[in-house]
Amino acid sequence: MLRRQRTDILTVLLWLLFFIAMTMKQAYGISICSKELPRIVQKCIEEVRKMESFDCRLYTPTLDDYQQKCPMSTLTCFEKEVNVLVLESGNKSSPIYKLKLSFRLKSLKSFIKQKEGANCPDCEVHRERAAKDFLTTLLTILEWMNNTGCSH
């Protein structure tokens, strides 16, 4: 009888700990961290620098767009524009194509929460910037995410 009561108490305590952990996770979110993505974007920047006559302009959200209230739509815009960059580069042997940056951004978005009812601008509202500047801005956002979301 005593052994059964201990088992019941332990079960209840385990469920309580699980409930507390899940509540904390929802309240504070999970850490959004990707050490690999900034390295990939850096490789893409280097690749774009090598393309001398490459003149591709892409809609480019800012770090402020991400920080203020629109992280999901900001990353969605970058994801869509990376697809444009891949098409415009036209080189399937390029790291821009091979590193599947768009797919990796899409995966990262699954961890992002955006406030409901946030009035976020469409991607096409953002300024068009050169591919190198576009990628540099994306790199800045990813590094900011790592600096604020990763435990060191």
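Leu101 touches Leu37, Ile40, Val41, Cys44, Val82, Leu135 and Leu138, leaving aside residues up to four places away in sequence; touching, or contact, means heavy atoms within 4.5 Å. This is a predicted model, where local features need pLDDT of at least 70, side-chain atom pairs count only at pLDDT 80 or more, and totals for chains, interfaces and linings use all residues. Residues are numbered from 1 along each chain as its sequence is written, and side-chain values use heavy atoms, without hydrogens and water.

**The core**
- Val41, Leu101, Leu105, Leu135 and Met145 touch the most other members of the largest nonpolar core, which has 29 residues.
- α7 gives the largest share of this core, 8 residues.
- A nonpolar core is a set of buried Ala, Val, Leu, Ile, Met, Phe, Trp, Tyr and Cys residues joined through side-chain atoms within 4.5 Å.
- Buried means under 20% relative accessible area, with a 1.4 Å probe and protein chains only.

**Helix α7**
- Helix α7 covers residues 131–149. Helices are DSSP runs (H or I, at least four residues), numbered from the N terminus.
- Its buried residues include Phe134, Leu135, Leu138 and Met145.
- Among the elements covering them are α2 (36–50) and α6 (101–109).

**α6 against α7**
- Leu101, Leu105 and Leu108 in α6 meet Leu135, Leu138, Leu142 and Met145 in α7.

**Confidence**
- The mean pLDDT of the protein is 79. pLDDT is the predictor's confidence in each residue, from 0 to 100.
- Over residues 21–31, pLDDT stays under 50.

Notes
Helix = DSSP H or I, 4+ residues; strand = E, 2+ residues; numbered from the N terminus. Expected span 1.5 Å × (residues − 1). Buried < 20%, exposed > 50% of the residue type's maximum accessible area, 1.4 Å probe, protein only.
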